[in-house]
Structures are given as C-alpha cells and as structure tokens.
Amino acid sequence: MTTLSAEAPAPAVTTSTLALTGVSRWYGNVVAVNDVSMRLGPGVTGLLGPNGAGKTTLLHMMAGFLAPSRGTVTLDGEPTWRNPPVYRRLGLVSEREAVHTFLTAYEFVLASAKLHRLPDPAAAARRAIALVELEDAQDRRIGTYSKGMRQRARVAAALVHDPQVLLLDEPFNGMDPRQRLHMMTLLHSLGDAGRTILFSSHILEEVEQVSGTVQVMVAGRLAASGDFRTIRRLMTNRPHVFTVRSTDDRALAVALMAEPSVTGVELDRTGLTVKAGDYGAFTRALPKIALAHGVRVRQLLPEDESLESVFSYLLEG
Amino acid sequence: MSTVTWITARGLFGRRRFLMLLPLPAVLVALAVLCTSLGVDPREWGPPVLVGLGLAVVLPVVALVVGTGVLGAEIDDGTVVHVLTKPLPRWQIVLPKLAVATGVSAVTVAVPIVVAGVLADSVRLGVALAAASALGALAYSALFLALSLVTRRPVLLGLVYVLIWEGLLGRFVSGTRVLSVQQWVITLADRLAPTDLLTAAVSVPVAAVLTTLVAVGLTILAIDRLRSFSVAGETS
C-alpha cells in the first residue's frame, strides 16, 4: 500500500480534516466496511471502487448518516455521528436523486441557505446557483429538470454555506460530457481553494481526470491509497491474461516464449493462454510475431479485465 | 414561518396523496345534511355519524395521511437528507413538522365535524367536537410522526393501530379503550359539551393525562430517533 501524499494547494479558507480511524460497519453478518483508516485534507480525493465495495456506506458514515459499528469518524476532532453542528463545515451530495420536485431550484437552494441561518440567504443562494451555472433555469420547478440539472441543483444546495468539506456520492452519474467537464472543473477549483473534496466513483477515468489523490476500496477494505499515477502504474504492470486462438497454436507458443513481455504460455486443446507483464508491449508484439512465423491469429481475448479484477489485484498486492 | 414549516407544508400540499384527505370529510358533511333534511332523529344518526364516522374514521385516517406525510414521505423519497444536513438541533425539525401535521389534521376534521355537530345538537357540541378532535389530532400526529422514525412502514402500522386496536379490539375488549386516542377524544368532547350522543368510556383525568403523555413522550422519542437517523444501508 502506498502512502497518501495529498498535494496541498494554497489554503484560501480555513481548512478541515476528516479523519477515519479503524472504521468498520456491518449489517448483521455482512461486513460493508472493514477497518478503514484515512485522513482527508484539502484538495480533491477520489474514492474509487467497484459497485458494492462499500463506498456509499463509508460516505454515509463520514456524513453522519450512519454510526460506525467500530472505529471513529471525526471532522476536526469532532464526531460526525449525532452531531448536527458539523454540517456548518460539511456538505453532502448523496447518490440518491432526491429533490423536492415541487420547488424551483432557487427556492430549493434558498431554503438550504435559510436552514443554515446564513446572514444573507438570498445572496448565498444566487452565488451557489451561479457556481453550478443554473441561473437560466433557476425559476423552473426541479420536477422539469434533466438528471444532470437536478444533480447541479443538489450540488448548489450543498455548497450554499461554503463548506470546508464536500462529500459527493457518484456525482457524475447521469451527466452529459459537457456537464461532467463543468463539474470536474468546479471540483478542481474548490479543491485548489483549500477545501476538502471527496467524491466516489466506480469509473477509473473519472477519478483519473479529477483527482491526484485516490482511495481505492474493494470489498469493504481500503485496497490502496495515494497518488493516482502510482496506483495507475500498479494497475498497468499487473500480469494480464489473454486467450489466443490461431492456425498453429504450438508454433505460436514457441515463438511467443521468446517475447520479453510474455511471462508464461499454456497450451491446451482450446488454444493458448498467454500471461503478459506489459499489456501494451504484448498486444503490439503479437501481430508481428504471428506474421513472422506465418501463423494467423483467429482470436485474441483479454481475460479478466473487469474493474473488479483490477481492484482485486490491488488488494492482493 | 420557519423554513422547515414552509418546506413541510409545501411538501404536504404538493403531493397527490393530499387529495386523499378530501372525500372523507365530504362524506361526513353529506351524511349529516342528508339525515337532517330527511328529518331523521339526531339521537339515531348522531352516534354513528359523529362518533362512528367522524371520530373513529375521519379523524384517525386524516391524521394518518398527514402525520406520515410530513416526515415519512420525505424519508421514503430521501429528501429528508436535505433538511438533516443542516446544523439544526433536531427538535427544530420535529416540532415544526408536528405543528403542521396537527394543524392541517385539526382544520381538515374541524370543518365537517362542526357542521355535523351543529346539525345534530348545538353549536356547543360542534365546537366541543372540533376542540377535542384538535387534541386528538395532536396525539395521533405525535404517534404517526414517531412511527415514521421507528419503522419503514408507518402507514401500515398506523392502520393496524387505528383499525385493529381502536376499531376492532376497542369494540370487544373494553380494557383496550384506555389506550385509545379515539376514546380520549370522545371523553374530552363529552366533558366540553355533555350530551346523550356521546358515551365516554374513560374518565376525564385519564383522557387528559394520557393525551398529554402520548403527545409529549412520542415527540421526545421522535426527536431522539431523528438524532440517530441512519440512511438505509445499500449493501449489494
């Protein structure tokens, strides 16, 4: 496991630290989150993991909507569970698309500002709506919005009190590419301004584009954490398994053994199973080798390329 | 008006289930008007319409729809999270919701019950029924609000209480009447406007004390449960 090295941008606001110590959560016999410890400081952190890895459970515990079965979740030393005052510094955008559809976005965000007892709720609401670029639609009922627009309305409501910590559960779900880009830019700028931003995602590319720091969860455990590039390298350097079928499997097997990127070849009746250390080098070398030995490749199937298997590999590593 | 009150009221009137409140009171008024215009003796139609329909059906059903609507509906669709992610002490969420639920239920029941009470006997009876119903609405609302927080099926459990406990058992097992909001309301109305049309099954002090206890106790329970509100776990 690599160590966390968050890049600290120049803090423009008071910064907050969200700390999890030995946090577990179980439902009956099912362990959803297993002994997770992490500290989140200023900047954007991605919480990456396949569906069902416990990301949402972890986020709910961070946001004070679930008691840890064991361990502690604190924001600047105060527990988040049964402690409403933490919401002065914390904002949450949950995954569930729940909005008061009968309100307009402006009314919705204004209500949030009022509930926060902000000194000038109207100004705060306008600022938050401008931040998510929803001004043009702000006087329409949320019920008429697209999924992406609803999401932005929810983000505006969560940002209205300018929290130091913002937690977002799968914020890019249902957004079109333009909205996605805009949200990514927004998260970046919030992170650069010294806020602690954590968002969850099961899509590698989303995390890659938004955050330098990443926490990877697999099956309730923290599988890796730290700089995204390091984790990416771990992921690309793991052994890849391919199934190859050709006109002459035996000849191809012999030729492949000479290829440096190949770490193992297995020959059976259905074809070849090739283990390669470097995904790119192997897939580039295979056509050349086949051509040089007069073998025609009929099928090349990468095995086990699901995100789950990538994550499981990290867990073993 | 507090923001919680405003959102609660908007949510209540903005949902279609609110329309469910209208038919029952209308039936109550229609029956009372019909019986009077046909010249039926109030001693005959009074108890079944005022008590059997008004206090035993209209009041608890209206209170159930409204009481589970002010918080239960928000828990169901997840919008409650927006109110809970605010630095508000939880009583500042529960009390406005209880006030909206009690107010809306009391008014919805007061209009038809006053009409029916006046037609059956006197203005005094009408007002007494409305006042006792308002106290009943408070007890019921506290009950259904608390139910919204202790179970995922508040409407079902609420119906079981109203139909089985108050309706069925209340009729055959007299002991259950002591713990029946309906009986407290009858007792209190009878105390405010003594009439032959109402038959009290519990004493006035018992009704008054239990109404207060239920309203206060269950509200405190609701506040405490809201403090520990957990979002349903999604372990797939």
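The points below go from chain A as a whole to one strand and then to one histidine.

1. Please keep in mind that this is a predicted model. Chain A holds 10 helices and 14 strands, and its C-alpha trace spans about 80 × 45 × 40 Å along the principal axes.

2. If you take the contacts in chain A between residues at least 6 apart in sequence, 69% of them join residues at least 24 apart.

3. Strand β1(A), residues 18–27, is mostly covered, with 7 of its 10 residues buried. It pairs antiparallel with β2(A), residues 30–40, over 7 bridges; there Ala19(A) has Arg39(A) as its bridge partner. The two strands make a hairpin with 2 residues between them, and Gly28(A) in the turn has a positive phi of about 60°.

4. β1(A) also pairs with β4(A), residues 70–75, through 5 antiparallel bridges. In this pairing Ser24(A) stands opposite Arg70(A).

5. Do have a look at His100(A), in the loop between β6 (90–93) and α2 (105–115) of chain A. Is His100(A) buried or exposed? With a relative accessible area of 2%, His100(A) falls under the 20% cut-off and is therefore buried. Its contacts include Phe108(A) and Ile142(A), as well as Ile7(B), Glu74(B), Thr79(B) and His82(B).

Definitions and conventions:
Residues are numbered from 1 along each chain as its sequence is written. Chains are lettered from A and ligands numbered from 1 in the order in which they are written. This is a predicted model: local features need pLDDT of at least 70, side-chain atom pairs count only at pLDDT 80 or more; totals for chains, interfaces and linings use all residues. Side-chain values use heavy atoms; hydrogens and water are left out. Helices (H or I, at least four residues) and strands (E, at least two) are DSSP runs, numbered from the N terminus. Contact means heavy atoms within 4.5 Å. Buried means under 20% relative accessible area, exposed over 50%, partly exposed in between (1.4 Å probe, protein chains only). Two strands pair if DSSP finds at least two bridges between them. Lists of a residue's contacts leave out its neighbours within four places in sequence.
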